[in-house]
Amino acid sequence: MYQPVKIAPSILSADFLSMGNDIACIERAGAGYVHVDVMDGHFVPNLSMGVPLVKQLAKATSLPLDVHLMVSNPLDQIPWFAQAGASSLTVHAEVLYGDALVQAVRMIHEAGCKAAVSLKPKTPVQTLLPVLGDVDMVLIMSVEPGFSGQSYIEGSEGRVAEVVSLARAMGASPLIQVDGGIGEATAPKVAREGADVLVCGNAVFAAEDPACALRAVQAAAESARMQALGSE
């Protein structure tokens, strides 16, 4: 069943001294999720928010909390964030070897959350094959993870198309999420290839009118996807 493109504003780019106002703003603007970037300083060269903030967010919003675990030990941290109130948990395939990726997806589902797997820009999409039929969402990074405000890596839309093709061949239909440098100019590129959920940081929160910016990105993406569907 067709669903409109959803925007998942990344609160890494929000005003931490006015987080409640920023969350209320994106709720009113029609955001689909609150995207929460968890960084451990090991898997990525940065530190960010953790369990206490997720607990507070779960009380402050009715939007699903889309928690992206950029950590080197996701199997340890999955229970922490599930209990804190995450709606979905995304783990990185690059730190889960052998059967650990399958185990992580199973753990997330058993904890009552939606499960997603993320790939860095240079990780082959075939890495997803062991879990592609089981995940609820695939996150394609269109920048190297670790910092907000980076520019979109051109050609990332091709990786979206690859994942869509692989999933269809398996009879699977996970949501496809894209994160990194997504704004009004780049959103159409990934949306026309099948992206369903777009993570936006500075494109929303650094805008003079975040609500207007969110709606503009969503409209640009939705227009491109509808055009693509109409040409099939």
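Colleague: Where do I start? How many helices and strands does the protein have?

Modeller: Remember first that the model is predicted. The protein has eight helices and eight strands.

Colleague: How do I read its overall dimensions? What does the C-alpha trace span along its principal axes?

Modeller: The trace of the protein spans about 45 × 45 × 30 Å. Then look at the radius of gyration. A compact globule with 232 residues would have a value near 17 Å, and the protein has 16 Å, which agrees.

Colleague: What percentage of the residues is buried?

Modeller: Buried residues make up 54% of the 232 residues.

Colleague: And how do I read contacts along the chain? What percentage join residues at least 24 apart?

Modeller: Take the contacts between residues at least 6 apart in sequence. Of these, 68% join residues at least 24 apart.

Colleague: Now the nonpolar core. Which residues touch the most other members?

Modeller: The general idea is that nonpolar side chains tend to be buried together in soluble globular proteins. Here the largest nonpolar core has 74 residues. Ile-11, Val-67, Leu-89 and Leu-198 touch the most other members. A second, separate core has six residues, including Tyr-33, Met-137, Val-197 and Val-199.

Colleague: Take Leu-89 as a case. Which residues does Leu-89 touch?

Modeller: Leave out residues up to four places away in sequence. Leu-89 then touches Val-67, Leu-69, Ile-78, Phe-81, Ala-82, Ile-108, Cys-113, Lys-114, Ala-115 and Ala-116.

Colleague: Next, helix packing. What angle do H2 and H3 make?

Modeller: Two packed helices are described by the angle between their axes and the distance between the axes. H2 covers residues 51-60 and H3 covers residues 74-84. They pack at about 25°, with their axes 8 Å apart. An angle under 35 degrees counts as roughly parallel. H2 and H3 are therefore roughly parallel to each other.

Colleague: Which residues make that contact?

Modeller: H2 gives Val-51, Val-54, Lys-55 and Ala-58. H3 gives Trp-80, Phe-81 and Ala-84. By class, six are nonpolar, none is polar and one is charged.

Colleague: H3 also packs with H4. How far apart are their axes?

Modeller: The axes of H3 and H4 (residues 100-110) are 10 Å apart, at an angle of about 5°. This pair is therefore roughly parallel too. On the H3 side, the contact uses Leu-75, Ile-78 and Pro-79. On the H4 side are Ala-100, Gln-103, Ala-104, Met-107 and Ile-108. The classes are seven nonpolar, one polar and no charged residues.

Colleague: Let me try single residues. Is His-35 buried or exposed?

Modeller: His-35 sits in strand S2 (residues 34-39). Its relative accessibility is 0%, so it counts as buried. Look at its partners beyond four places in sequence. They are Ala-8, Pro-9, Ser-10, Ile-11, Asp-66, His-68, Gln-177, Asp-179 and Val-199. His-35 and Asp-179 are 144 residues apart in sequence, yet 9.9 Å apart in space, C-alpha to C-alpha.

Colleague: Where does Ala-58 lie?

Modeller: Ala-58 lies in helix H2. Outside its sequence neighbours up to four places away, Ala-58 touches Leu-65, Ala-84 and Gly-85. Compare sequence with space again. Ala-58 and Ala-86 are 28 residues apart along the chain, and their C-alpha atoms are separated by 7.4 Å.

Colleague: Which helix holds Ala-213?

Modeller: Ala-213 is in helix H8 (residues 210-231). At 13% relative accessibility, Ala-213 counts as buried. Beyond four places in sequence, Ala-213 is in contact with Ala-203, Val-204 and Ala-207.

Technical notes:
Residues numbered from 1 in each chain as written. Predicted model: local features only at pLDDT ≥ 70, side-chain atom pairs only at ≥ 80, totals over all residues. Heavy atoms only, no water. Axes fitted to C-alpha atoms, helices over the stretch in contact; angles between N-to-C directions. Helix = DSSP H or I, 4+ residues; strand = E, 2+ residues; numbered from the N terminus. Parallel < 35°, antiparallel > 145°, perpendicular 65-115°, else oblique. Contact = heavy atoms within 4.5 Å. Nonpolar A, V, L, I, M, F, W, Y, C, P; charged D, E, K, R; others polar. Core = buried A, V, L, I, M, F, W, Y, C linked by side-chain atoms within 4.5 Å. Buried < 20%, exposed > 50% of the residue type's maximum accessible area, 1.4 Å probe, protein only. Rg over C-alpha atoms; globule rule 2.2 N^0.38 Å.
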